[in-house]
Amino acid sequence: MEMLGNRRLAITQQQAWEALNDPETLKKCIPGCDKFELTGENTYSVGLAVKIGPVSAKFSGKVMLSDIVAPDGYKLTFEGQGGVAGFAKGSSSVTLRPLADAAPAAPADAPVAEGAEPAPALAPAGCELDYTVQAQVGGKIAQLGQRLIDGAAKSTADDFFKRFEAEMQSRYGPPPAAATENAETPAEKTGAVAGFMKKIGLGKKSDKDAEPGAGGEAGGG
């Protein structure tokens with residue numbers, strides 16, 4: 001079985017890295033996991049309940065991290081035994097990269113409704129996570145067919161990221177909005193006030209309006 005995916009996370013690369021190296025966070029977010037304990041250098045003992053189609057099993061095994069480049073990613077190797085249900089083993093790579101701007105800046109000449117606040121130029125910064133998984137299964141699980149196994153793996157990955165994102169929001173709060181409107185200079189604020197005064201018809205009657213009959217009648221006969 002092979003699987004790859006990409007997720008955009010509304011947390012910083014460092015926050016994602018710390019969470020992906022925290023056994024308690026992983027235990028909480030991996031579906032069916034009731035054990036994820038550090039037992040040696042970069043080695044963890046794992047226990048989880050798995051259900052694929054009609055087959056349910058309790059797997060116990062270990063996960064080993066390697067090729068660790070903080071905070072950019074790592075490779076993990078896993079193996080587990082599920083008794084008569086069979087076994088699973090394989091590897092996965094996880095890569096993180098920062099996203100400075102999650103959305104492009106709005107065009108400078110974009111129309112803004114009267115009285116509305118201008119939209120932030122940049123969305124909150126976050127990071128992107130890429131992952132690949134290669135795995136082998138044997139025993140009863142292998143007899144279920146590739147389509148069922150692949151579907152269960154994708155569902156498990158989706159469930160993991162749902163829990164992970166909820167956990168990150170609970171821990172760090174929703175991503176802060178970009179407060180670009182607070183970055184105006186005093187000159188810009190003055191210009192905005194003057195523009196508003198003109199819109200409502202004040203501050204206009206100087207110059208030409210204050211010059212009655214300017215120019216008079218030019219050259220008569």
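Contact, on this tour, means heavy atoms within 4.5 Å. You're looking at a predicted model, where local features need pLDDT of at least 70, side-chain atom pairs count only at pLDDT 80 or more, and totals for chains, interfaces and linings use all residues. Residues are numbered from 1 along each chain as its sequence is written, and side-chain values use heavy atoms, with hydrogens and water left out.

**The whole chain**

Show everything as a cartoon. The protein has 4 helices and 7 strands; these are DSSP runs (H or I, at least four residues, for helices; E, at least two, for strands), numbered from the N terminus. Follow the chain from that end and the elements go β-α-α-β-β-β-β-β-β-α-α. Among contacts with a separation of 6 or more, 58% are between residues 24 or more positions apart.

**The sheet**

Now colour the strands. All 7 strands form an open, antiparallel sheet in the order E1-E7-E6-E5-E4-E3-E2; two strands pair if DSSP finds at least two bridges between them. At the edges sit E1 (2-9) and E2, each pairing on one side only. On average, neighbouring strands are turned by 25° against each other, direction ignored.

Zoom in on E1 and strand E7 (residues 126-138): they run antiparallel, joined by 8 bridges. Pick Met3, and its bridge partner in E7 is Val133.

Then go over to strand E2 (residues 33-40) and strand E3 (residues 43-52), an antiparallel pair with 6 bridges. Gly40 stands opposite Thr43 in E3. The hairpin has 2 residues between its strands, and Asn42 takes a positive phi near 55°.

Select helix H1 (residues 13-20) and helix H3 (residues 146-172). Their axes come within 12 Å and cross at roughly 115°. Here, axes are lines fitted to C-alpha atoms, for helices over the stretch in contact, and angles run from 0 to 180 degrees between N-to-C directions. Show the side chains: Gln15, Ala16, Glu18, Ala19 and Leu20 in H1 meet Phe160, Phe164, Met168, Arg171 and Tyr172 in H3. By class, that contact has 7 nonpolar, 1 polar and 2 charged residues. (Ala, Val, Leu, Ile, Met, Phe, Trp, Tyr, Cys and Pro count as nonpolar, Asp, Glu, Lys and Arg as charged, and the others, Gly among them, as polar.)

Keep H3 selected and bring the sheet back: H3 lies across E1, E3 and E7, running at about 20° to E1.

Next, click Thr25, in helix H2 (residues 23-29). Is Thr25 buried or exposed? Thr25 counts as buried because its relative accessible area is 2%. The Thr25 side chain makes a polar contact with the side chain of Asp22 (2.5 Å). (A polar contact is a pair of N or O atoms within 3.5 Å; within protein, one must be able to donate a hydrogen and the other to accept it, and residues adjacent in sequence count only if both atoms are side-chain atoms.) Leaving aside neighbours within four places in sequence, Thr25 is in contact with Ala19, Phe164, Glu167, Met168 and Arg171.

Finish on Glu167, which sits in helix H3. Glu167 is buried too, with a relative accessible area of 14%. Which residues does Glu167 contact, leaving aside its neighbours within four places in sequence? They are Thr25, Lys28 and Cys29. Glu167 and Thr25 are 142 residues apart in sequence, yet 8.0 Å apart in space, C-alpha to C-alpha.

Conventions:
Buried < 20%, exposed > 50% of the residue type's maximum accessible area, 1.4 Å probe, protein only.
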